[in-house]
Amino acid sequence: MTSGIITHIQRFSVHDGPGIRTTVFLKGCQMHCPWCHNPETRSPRPELQVFASRCIDCAACADRCARGGHEFAAGQHVFHRERCVGCGRCAEVCFAQSLVRVGETRTAEEVLKEVLMDRPFYQPAGGVTLSGGEPLAQPDFTRAILELCRREGVHTAIESNLAWPWLIVAPLVDLVDLFMVDIKIMDEWEHQDLTGVSNRQTLRNLCQLDAMGKPLVVRTPVIAGVNDRPEQIAAIADWLAELSNVRQYDLLPYHPLGTGKYEALGLTGPADYRAPSAEHLTRLAALATRPNLVVKVAGASGACATDGGAVAGAPISDQNTSS
Amino acid sequence: MASLVQDGIDYETRLRHLRAKKEAQTQAKLRLAGSMNEDDYGQVLPPEGFPWQPPANHPNGSFYGLDGWSKAFCSLMQCHPVYVDPMDALAGRYMFLLNRIRKCNWPPEFDYAELKPEQEKYGIISGIGNDAHFAPDFRIGLELGWGGLLEKVRRCRSQHGPDKAAFFQAEEDVIVAIQGWIARTAAAIEEAEASQTDPVLRENLREMAEVNRWLIDGAPRTFREACQWIAWFNMASRTYNRDGAGGQLDELLRPYYERDRAEGRIDDEEAIFILACLLLNDTQYYQLGGPDAQGRDQTSPISFLILEAAHRLKATCNLTIRVHDGLDRRLLRKGVQYLLEDRKAWPRFSGDKALVEGFMRNGYSAELARQRIAVGCNWMALPGLEYTMNDTVKINVAKVFTVAFEEMMREDATPGIEPLWRRFEEHLRRAVLCTARGIDFQLDHQHLNEPELILNLLSHGPIERGLNVTNGGVDLYNMCVDGAGLATVADSFAALARRVEEQQQLTWSEIAEHLRNNYQGPGGERVRLMMRTAPRYGAGDSLGDHWALQISRLLTRLVTERPTPGGRRMIPGWFSWADTLRLGKQVGATPDGRRAAEPISHGANPQPGFRADGAATAMVRAIAAIQPGYGNTAPVQLELDPGVANCDDAVDMVASLITTHFDLGGTLFNINIVDAEKVLAAHKDPSQFPDLVVRVTGFTAYFATLSPEFRQLVVDRMVRA
């Protein structure tokens, strides 16, 4: 059985493709976008998130950790991240959920079992979306899940940066009904500079998929001062207009909801990013529109990307817009 | 009949005026009452200093029985202020709820002291002394009119002996009193017409007067007359005892609409305006669509017009769309569209398949089951054929659980899940029996306490037999028994099974000690969180789901395995109304991590935080799985983020959620589209959000009218899941 590492599975996901979907967030990404709001999906290894405000100072974690990762000095919890191996034994006894291990190993069959729990709701358009992180960073696991879903007749979508050799992408083509791909910025060097990875492979793969007639949704997370200049968006739109199978081009405003996660992971950042104004986004959308290119802001008429899709009060959707 | 279309004042202007007036009336009620933890209804305040007081016929200052009720009602009708608004299509508003004016709602001589210890022990809401909560058949009234009803009463009286004279006299008196109220209103309309200078409004008043003059005696002939007749019945019935059951409104009005349209008396714009006035007049529960007795869909153009009227009205509303295989999908989509667009928590949706199949398990035919419709918070009822006590009888299973737990800890040398379950089963059995005896007591005495003099008129049997509906007047007695606190108990069992028995994180004695201490003291909070984070009902294939199913099956078996000692059938459901607060105060700390006196769980819903992703699909599946399955409801109460409404395919997604729930066995689906920030802001300063409407439970209400405690309940459910 093929297994891989995920952060979590989100049922009733309504912003990660058409219809009601189940989104599987795979852990690990080769890019390091500084605005990423899912920093817990970057590392391919399990990690410990520490939400200090939830701690009730019970000190159960200190007793549990053999490596001395947790100490209580003067009633204050001190976490030594450098000693942590992400085993999660401390999190098991932290009922206050101040310590949360992120990253669990699942087999493709286990993932499928959860995916199928919502199968009755997938009509008429829903299904499964593999997201992350970067699903293609775990190609065998991704393929195994997609094959199982295909066998069950579940609609499949994948959210990917597609910055992988075609060799990695090709085996998945027939297993994916909808590719949802980010183009963060058109200029190769800016892209390389910001994300650590060139966008050339992404663009080549998009051309290849387009030539094969695969339905595509292309998205740009729009960050004020980074990629929201009209000429930057126009460059992407011009390029997309040359393709034949782009169903939709989405402008997704940056949102700062991942800020707390950085702190919980002991990471710095993100920098002081902000979203463009709604008016500016509307202007960009109008500017990007081409005769053969449907452009939407936040995937719809409203601010979907900043709204949760589940029961009110549930955690905000972890829509993958920055991988 | 002349058209209401006008050049100067259009329907939109008139609706705006009426909506603003209603909001002002609601604010006035709020100033007087402080808060209103219930449906808005359509009640308005009487003029300040209105002197009427009900005549008493009992030494305790209250009034009871045929004589007491008919005299009190007739006395009020003789002087009830008339209400005419030239902008409105319909006349009248009601201003009193007689059953709330009464000093004491149960005659002290009918003593049920022997039931009280167990009622208290198990947190039973017995329903004794509760009125209405079943459905009238409006077709009877629409066919006969008040004059025809009076003739029917007199004819039936002549067929019975003098022993029934008091019953028939009381029925006659209330009809004549209602006719008097309408006649006085008609005169006031004519007076208003005479002084009205605006030609459009004068024409409206002329027509309104004509309609009401006719309706004093006559059966409605036109669409406007039918709507006005329904409004009069609602107002009279509300005045009498707050009855809030509606009916299959589209099908009731369809013949009038079709005739008026065919004869050119009305157009759709006028029909929509009149319907909006009817919905404004009262927040009665109406069903739309769904099958007729033979299974044919009842959706018609008028179904859409009713939705449109509610959409334009933008006030509190209680419309339910009955979803079945043959439903016109356009009606479902239109309903979902307005739910998402208006965010006023209507319509609701009921699931025909499970309701029909479930009711048939009681031995009834499919034809009958299809006619059993949604007419109240959680009510299902056969209009005019059945007495139900819907939503008035509840067992607090969380209280039953604590009784079982404490007894086990006192008496069992080796506590455990198995002995706890055995004791829970035994105490629930006793609670059901006590409940059943309470139902019998109510049915044996209620006619002497509070005869249903208004609802009898639109029932099949009471007038013909000279018997009150509670006392043999109708053929069918299917008594509603709802459990409350399902998730609290399921999560408690799950937490004990996981943390105490399986993981041995603490002993039975330790958890018992923590419960006694209300999770206070050393380690208490950690234990509370430990119990709270055990796998919950709603998580999907979890320990909590397993226990919820067990508990629901148990309640279902105990309620259905035998009738009451008096031979009445009982039908189980899960519904707590907004009693989660009151019932919670009866219950000490529970092993699910709930502290003493905190609210118990809501209806059939999982508890907030049931899954990390809060997935609506998981909730909907869980609730579909625990349905008792005998034709009563265990509703979904879902709070959806407005982000869903903003998606391109939002209508399809929400429709899929609803229809899939019903495919899986669900019965009733309530949805709020809530903006968490707005609700929080409104909680802080309700006066800034006078038009914010929420579905509290089965009913909708203006958020600003709720007490702080009730608002908190809604906030917790919506925002702090």
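Trainee: How much area do chain B and chain A bury between them in this predicted model?

Mentor: The size of an interface is often given as the accessible area lost when the parts come together. Here chain A and chain B bury about 3,100 Å² between them, with 62% of it on carbon and sulfur atoms.

Trainee: Which three residues supply more of the area that chain B buries against chain A than any other three?

Mentor: They are B:Arg526, B:Asp613 and B:Thr617, which supply 18% of that area. In terms of contact, 41 residues of chain B meet 41 residues of chain A.

Trainee: How many salt bridges and polar contacts are there between the chains?

Mentor: There are three salt bridges between chain B and chain A. A:Lys113 forms a salt bridge with B:Asp541, where the closest N and O atoms are 3.9 Å apart.

Trainee: Which elements of chain B give two or more residues to the side that touches chain A, and what is its make-up by class?

Mentor: Among them are helix 20 (524-532), helix 23 (616-625) and strand 12 (636-640) of chain B. By class, that side of chain B has 19 nonpolar, ten polar and twelve charged residues.

Trainee: Which residues touch the most other members of the largest nonpolar core?

Mentor: That core has 213 residues, and B:Phe223, B:Phe424 and B:Ile511 touch the most other members. Beyond its neighbours within four places in sequence, B:Ile511 is in contact with residues including B:Phe405, B:Leu496 and B:Met531. Another core, of 52 residues, lies apart from the largest one and includes A:Leu112 and A:Val128.

Conventions
Residues are numbered from 1 along each chain as its sequence is written. Chains are lettered from A and ligands numbered from 1 in the order in which they are written. This is a predicted model: local features need pLDDT of at least 70, side-chain atom pairs count only at pLDDT 80 or more; totals for chains, interfaces and linings use all residues. Side-chain values use heavy atoms; hydrogens and water are left out. A nonpolar core is a set of buried Ala, Val, Leu, Ile, Met, Phe, Trp, Tyr and Cys residues joined through side-chain atoms within 4.5 Å. Buried means under 20% relative accessible area, exposed over 50%, partly exposed in between (1.4 Å probe, protein chains only). Contact means heavy atoms within 4.5 Å. Buried area is the accessible area (1.4 Å probe) that two parts lose on being put together, summed over both. A salt bridge is a side-chain nitrogen of Lys or Arg within 4 Å of a carboxyl oxygen of Asp or Glu. Helices (H or I, at least four residues) and strands (E, at least two) are DSSP runs, numbered from the N terminus. Ala, Val, Leu, Ile, Met, Phe, Trp, Tyr, Cys and Pro count as nonpolar, Asp, Glu, Lys and Arg as charged, and the others, Gly among them, as polar.
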